[in-house]
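Please open the model in your viewer and keep the selection panel at hand.

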Amino acid sequence: MTPSSRPPVPFPDLNLAPFPKLEPKPEPPDHHQTHLGSAGPLDPLLPPPSPDPGPHPAAVDVESAALFTEYLRLARLYSAAAADHQHLSLVPVPATAASSSAIVARKKRKPRSAEMVRASVYDELHVRDDVRRARTTFNSLRSLLLRDEKKGDAFEEIWGKRSRADLKAATLMGDRDLWLHRDRRIIGAIPGINIGDVFFFRMELCVVGLHGQSQAGIDYVPASRSATGEPIATSIIVSGGYEDDEDSGLVLVYTGHGGRGSNMLKHCTDQKLEGGNLAMERSMNYGIEIRVIRGLKSNRSPIGKIYVYDGLYKIVNCWMDVGKSGFGIYKYKLLRIEGQDEMGSGILKLAEELKVNPLSARPFGYLSLDISMGKENFSVSMFNDIDDDREPLLFEYLARPIFPVEAFHGKANADAGNGCECISNCSADCYCAKKNGGEFAYDENGILLRGKPLIYECGPLCRCAPSCPNRVSQKGVKHQLEVFRSKETGWGVRSLDLILAGTFICEFSGIVLTQQQTEIFSANGHCLVHPGQFPERWKEWGDVSDILPDYMSPNFPSLPSLNISIDVSTARNVACYLSHSCCPNVFVQFVLFDHNNVSYPHVMIFAMENIPPLRELSIDYGIGDESVGKLTM
């Protein structure tokens, strides 16, 4: 089911018809409604509030609820007044052209809506799937743009010159109305976005509707488009760009925007209570919660930085202060709302501590620091702080599957003695590239570009170096994985590392059985994994049909119907503990490298999306909506 064909997510309306503007003064034309610009300057509207320490957090919720109710009451009164004075009706301000030359829109785009709503009850699986689809399209398109930019074809006619692939991808999606929630401004949580979700590009935040500004740190509805004639802030990004910020996690002192020169970290003039600064003050008065996204340095990111969503905060105080540079700045104290999931930035910090000294970070619960006994490139720990179950310790860890003899013999494997003759890394015209349909499946960083029915990696008989970019999944795991006990899914798997979308994770390993053996072992109650039952989720990775209508999923190299199975009853690996989900974050990609018998491919697992540390990995076993936490061992 496509996002457009699904029933709309219900939202309670927080807006009313246009009404006459009173004070504060109206803003100039809104330059930040496209995803490129920022709000223009305003006249100062209110005097700075006194440096009050702010109310107690418990009192904030009650007061803010009352203030927000008053906000809606006033809006209704103003709306009624507007009905009697039709000549004062408000006309939406059109979006202006972006000043940046990095993106060139191919058609006039609808302005971003100013309608403010809160998400209520919604189908979590459907909205999560919509978000994943948008993120998959963005990441797939970005990867293909990078590849084709180097080749100088494909999208060259569209762009004509080189520019950032993330900007190109976002603009192509925007031109086709593929950005989420452009038709409404959501106050509070965004459906389908979980606390802890990680993003690598500001434009990706815009695509999913989490933060609508590609540059500005404060996203808000401007006064010129607000029902009450007052700006309202909805989200902020905290990335360490202001020297006066104070961030202790649950409590945040955020510096307003403005007052800095071009490319300067320090202030050179006083800030004004206008634009986003005024919007933050108004949101405080009305008790409107703010989404907080933190920008953090990361060596896992292609740009050296990640953005993690940390949940909802309430602004409890704002005041004018003298900053470290000696100029006037506005400060806002925010408290994290209680009862939410743990902050994503806190989980990232815990994961780093676990990699260095796990027993210090978590003194209780570890049953083994490496159940693979050194057979994997990285340790696979086992953690259980729920019950006495030690089942994963009671089997032989098998890092690589054991294939039947017939997999390496016979007509189906007749070309097993062939390999590429490349001296260094392989090129597009080498033997292995031709087996893959004339293109390799991975980029130079080992990220899968497009899923295929089958991928041929360079094998032991190829002359290319071990560093060849066509040798990816055969090198084994590249992340520290953990088998853990869960109340929801039994045993599950998570990573201590941030896993990038399109990255190889691990292989399903066990004793590979022929069709005849499968029938016998299945009748005897053995625990079997059936590769042929996995849905073709690989088609979703690299699918840019929303952008290019003529896009077709790869159908070469072809793969026959798989009638084999993998017996994991006595010997298995970490993959066998992946939990089931109809909206998974990993998928199966079939690969060959050590033999050429297409009836016995390797069952490789790749990331469907960016997976934060300590988030459970889930896969679609092809069993519909049946509730299954893991394989029954």
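Select residues 290-297, strand β8, where six of the eight residues are buried. Buried means under 20% relative accessible area, exposed over 50% and partly exposed in between, with a 1.4 Å probe and protein chains only. Strands (E, at least two residues) are DSSP runs numbered from the N terminus. This is a predicted model, in which local features need pLDDT of at least 70 and side-chain atom pairs count only at pLDDT 80 or more, while totals for chains, interfaces and linings use all residues. Residues are numbered from 1 along each chain as its sequence is written, and side-chain values use heavy atoms, with hydrogens and water left out.

Valine 238 has arginine 294 of β8 as its bridge partner.

Then select residues 305-322, strand β9. Seven bridges join β9 to β8, here in the antiparallel sense.

Finally, move to the cysteines. How many disulfides does the count give? The count is zero, a disulfide being a pair of cysteine sulfur atoms within 2.5 Å. Select cysteine 420: its nearest cysteine sulfur belongs to cysteine 426, 3.6 Å away, and cysteine 420 is in no disulfide. Cysteine 420 counts as buried because its relative accessibility is 0%. Cysteine 422 is likewise in no disulfide, with the sulfur of cysteine 426 the nearest at 3.7 Å. With a relative accessible area of 12%, cysteine 422 is buried.

Methods:
Helices (H or I, at least four residues) and strands (E, at least two) are DSSP runs, numbered from the N terminus. Two strands pair if DSSP finds at least two bridges between them.
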